[in-house]
Amino acid sequence: MSSLGDGPTRRTFLKVMGASVGLAGAASCAPPDEEILPYARQPLEAKPGVTVRYATALMLDGLATGALVRCRDGRPIKVDGNPGHPASLGGAGVFEQAAILSLYDPDRAMRPRGGRRVATWEQCVRAIRAGLGHDGGGAHLILEPTSSATTLRLLARVRERIPRLSMYWDSLEPPSPQVRQYDLARTRVVLAIDADPLASGPFHLRYARHFAQARRVGDDMARLYVAEPTPTPTGTMADHRLPLRAADAAALLAEVLLALPAQSVSAPVREALTRIAGERRHGPWAAVVARDLAANRGRGATLVGARQPRITHAMAHLLDSALGNIGATTWFTRSALLAGAESDGIAQLATAIESGGCHTLIVAGANPAYSAPADLDFTRLMRKAGLVATLSGYEDETAEASSWFMPMAHPLESWGDGRALDGVASVVQPVIRPMHGGRTVDELLAALMGENADGLALVRETWQAEARPDAWTRALEQGVVEGTAERRIEVPVPTAEIIESGAKTMRPPALELVFRTDSKVHDGRFANNAWLQELPDPVTKLTWDNAALLSPKTAARIGIQTGQHVALTSFGRTLAVPALIVPGHADESIVLSLGYGRTGELSVAQGAGVNAGLLRTRSAPSIADVTAVPGPGPTHHFAVTQTHWSIEGRDHVRHATLEELRHNPDLTSDQRGPVPSLYPPIHTTAPNQWAMLIDLSLCTGCSACVVSCQAENNVPVVGADGVRDSREMHWLRIDRYLEGPPDNPEASIQPMLCQHCEKAPCEYVCPVNATVHSSDGLNEMVYNRCVGTRFCSNNCPYKVRRFNWFNYESHIAETLKLAHNPEVTVRERGVMEKCTFCVQRIRGAQVVAGREQRSLHPDEVRTACQEACPSQAISFGSLTDPTPELAAGLADRRRYSVLHELGTRPRVQYLARITNPNPAMASQP
Amino acid sequence: MSAAAAPLIIGAGKQDVPAKILAPLERAPRGWWLLLGASAALSGVLVLCITITLTQGIGTWGNNIPVGWAFGIINFVWWIGIGHAGTFISAFLLLMDQPWRASLNRVAEAMTIFALVNAGVFPLLHLGRPWFAYWLVPYPSALGVWPQFKSSLPWDVAAISTYFLLSALFWYLGLLPDLAAARDRVTGYWQKRVYGVLALGWRGAGDQWKKHRVAYLLLAGLATPLVVSVHSIVSLDFSIAQVPGWHSTIFPPFFVVGAIYSGFAMVLLLILPLRRTLGLEPLITERHLSNIASLMLAMGLMLGYAYIVEAFGAWYSSDPYERYTALVNRPGGPLAWLYWLTVAINVLAPQVFWSRRARRSTPVLIGVSALVLVGMWTERFTIIVGSLTRDFLPSSWHGYAPTLVDLGLLAGSLGLFGFLFLLFIRWLPTVSMSEVQRLQFQLHHGEQPDAGRDG
């Protein structure tokens, strides 16, 4: 080699090149002018590559749900439930889970502005303070209802310092001073009327957990009666479901009350009830329910939905008190929401602006231009309001009409506090620095008083007074402040006069229009969250849209079909909405979700659904009179993830009544056990053999698992057109089947995910060995080997495989990439993907166990879906060393395999759904 | 065969075969440029749609979950099937000693090759990541991974590449004497040289003929089993799966019959205008047409039998999913009209060929052939898409609709086929001169025609 002589050798060439590159680089890199410090010491808790969990709480409608947020390298990537928080008990709902995506939403407002010019926070505050003057005369402040003690404290001080500033809540009515609490775990008979306690409302995670406990299959299994206008997850769980118009809820309750033994209710009350009960259309049903409730005194509960008028709640109170349930399974506490008595609702604000008494309007965290009742015409009012300053997370409808705008910090970026429905307080701690310099409502309130305090200082000050110093640390670690739960209070039983006055105002409409908060975008605040937009509604499986839900009969009467527009006219306002026929919907009732048809600068929410708020008036914000005629507009093609509802007589979802189970305990024996096979038995040499068990008796179909899976596994969204083309990417879906008459069919649901078949049909058809079996029983997908023939999907009888039709991840915003779980590969175009049993968690746990030279603990690996499930319907573990729940489930004689006869030997096993119908109802329709 | 009375060559011994056959090499036939332009434009559509597919992804097609395979695989099976008639005519009939094939085999083989070119495009395109298609080929990879031999897709790759190679070789070998004849006849400077090179020094010497005939016959022997095996393997792409409607043991013969059926239809569609335009009526006579029509009738009857057995097998299996697919969904589901259209075309339409007049009527032949090509395409649609739209769990059932790209690819592949075929009739002898001359000699001298098997 030396004969090459004087020419540069490869080595010297590289040396010279390296040096010159280094010199060129050095010339351009000078230290910054400011003093900088090397990263010599690792900050506390900043462990590269290690996931750290922080306790915090997320607010919805002013109430807190505790959460543990997984952070990785300083960025939150996943929200789990907080087992110590009363509203979570370890479960996490879809809204909490999806907060991660909202945090990284590229549409979030990023800078303050004055008019159209970029401004600073200080400039905004200066302008607002100028508008406030010295005493706040002519200035108005509107806030969302909240349970925050810090906000309360600041508001009290604001009131002192700026005495003439008027304050309003962004709600029509002040919150009720007391709330009902339930302990569903101790119930035997539950009656839910126009309520969805298991899947919506501030305590639904808790209720789902507790009801699941009451619902353990056995002799004292609880029974659930549900009467509701449109099917909900709770209705799906019901043993007896009655399609009932929301406006007829009071009448049904009256019938139940009247069917109780005569001494339960006083004579004057009976008289009023008789008037409310009217024609007694639900007599037999109500009678059976009443008998069942009466037979279970002190072990029943009646739940009534939040949209129901006070009279209905009063009657439910009457019922529960007559049955001795008050104090046993249910009781009252003070509301955790700040008492609204001292402030007015948005209608009063509208009056104030209309009368010209407003020259400064401060909107703190609310979006009245979208959410206020249509007859207030708030957007027009805002133009008369003089200076309008808005603090909001998005350049939304209100921001559009504002002269000053300040970005609001996301809850995961904020210091704050809040209380759960039962009063338990949590400190909200940020898990990331505000990405876009946003501020909190508390910080804005402080700034109104000329103080420049940060969120942490404000919250500490609140709790300093109440808690010992070490309690602060514990509150942050645990996610709850000890000893803050509301005590039980006595609430007098409604008198005959109250019922009487209710009876007078009751005028059920011929055709009712029910406004509901949506299962996915709530009141519209989550409309820009693509995970939630693409989450199939638990009942209709509708994505990216809302619709006028109505029964087959009502649709036939109006003369429309699914997809056709129906023109709804209510209080002189008309709106054309595409109709969606829902089997099991109450007749002469139309249910419409709020939260769609957003018009702000929200690229995701753009074009999704119609704004039901345009029909909503202050006199009937929940249940309204409406007329419906076939409307104009082309037929709308809904993006639904399931289009075939009949199970075609097949037995994928096994179910039986408790009675049937008693007579035939082995009812699923035909769908388990060995099947003849030509293939050799699989090797099960690895120390762990992973398996999952899903109890169909407990699953409500709430879909928390679906979002959890999406967040954990970087599952992309495909948009409405993608869903229409049947290309949604969810690794875990919830199938819903209907059997029986379309006016009230029996629904059955089934979470469906990769079954990790021991003899997997996908594996032998892959031409390139891209889907193979691991020694610990996983059906593995090797992305970088996949060429995308899709043969595996064709041959998968469960159709759980998902294909990357496009490069879904290549065009997403940089901030959204921060939401990705770094443990999970982001898949490229043209490869197949599917549920992995959260293999990254399995391998992660194995690495930890290996380092500690021990074997895995039975419950060391929990899948994302399992973690999120509020009713604990999913158990996961190793067949070789199962958790007690898994072991019990595997031994349960309700266990079966879906499509057992194909011989796929799935590792996902199901427990047949057992219902507990009342034999007395059998004689009733 | 009832057509035996009709002559194989009209005016045997009096025809200047080479002059007739080589005429297009000197001057484009009427309308050639027009057709070439049209088919080139359609090929352009193909190129455009391929570009869209490769740059944006398979999402530009109408496929979905559950319908993982649709137009791409249908087109693939359809084109492969069409190719089969070429091999059937040139190799199988050669071995079966059917002298009438001599006038047809060149066209049929060309058709096979061009159909295979088209067929090869689709399996490549339908991959999510076509740039890794070579992973299906067994080669000692540095990754240390082999294809999965349990899957029928690597079998497919082997079967089709073998088929293409053999068909091309067989075709070229048959062309050699004709290329030499072209070399001797054409006058253009470049033409002479190109044909000269392609003829590989063929002089027509006795020992060359001897070796040629041996090689030709050997290749025919090799190609003949491929007529059966290739489409059998293609059918295994479906029948090894457990999808109801695919999982059927009748598939290999069923697919082979369908393949040859559609191939004959395409042969007819090609030779009917060709014999008119190029004046080949004396060489491709009514007897040829009648023979092919009779074969189509036979194939149609066999397909009808297969349809019945398919349904019977599903019923007999007592498998509820098979039964649903074959007895409920196919005849009565959302795609039932396609199924009944398929049955009507493939089974009923060829029944006109019981009539001797229909077998010799150009309009009837063209009409039935075109129908059969459509019918065989819809049959694959019914099997592939129809079965996938509704399989085991009803929650996943979903329909299918093609996109413009899907339609463009299908139309474009027809364009490419036409384009290649038009180039072929302009530049290569469309009828095997050597074989026809030999047949003419035998007929003229009252010898027993032997289809060239004496090697």
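Two strands are taken to pair if DSSP finds at least two bridges between them. In this predicted model, β8(A) and β13(A) meet that criterion, with 5 bridges in the antiparallel sense. One of the residue pairs involved is Arg180(A), whose bridge partner in β13(A) is Phe332(A). Strand β13 of chain A covers residues 330-334.

The pairing belongs to an open sheet of 3 strands in chain A. The strand order is β8-β13-β19, and the pairing is antiparallel. Two strands form the edges: β8 (178-182) and β19 (488-489) of chain A. Each of these pairs on one side only.

Chain A as a whole contains 29 helices and 40 strands. Its C-alpha atoms occupy a box of roughly 115 × 85 × 60 Å along the principal axes. The radius of gyration of chain A is 29 Å. A compact globule of 925 residues would have a value near 29 Å, so the two agree. Buried residues account for 56% of the 925 residues in chain A. Among contacts in chain A with a separation of 6 or more, 75% join residues 24 or more positions apart.

Chain A also touches chain B. The contact draws 45 residues from chain A and 36 residues from chain B. On the side of chain A that touches chain B, β31 (733-739), α24 (761-765), α25 (791-795) and β35 (802-803) each supply at least two residues. The largest share, 4 residues, comes from α25(A). By residue class, this side of chain A comprises 20 nonpolar, 15 polar and 10 charged residues.

Definitions and conventions:
Residues numbered from 1 in each chain as written. Chains lettered and ligands numbered in written order. Predicted model: local features only at pLDDT ≥ 70, side-chain atom pairs only at ≥ 80, totals over all residues. Rg over C-alpha atoms; globule rule 2.2 N^0.38 Å. Buried ≥ 20, exposed ≤ 12 C-beta atoms within 10 Å, placed from the backbone. Contact = placed C-beta atoms within 7 Å. Nonpolar A, V, L, I, M, F, W, Y, C, P; charged D, E, K, R; others polar.
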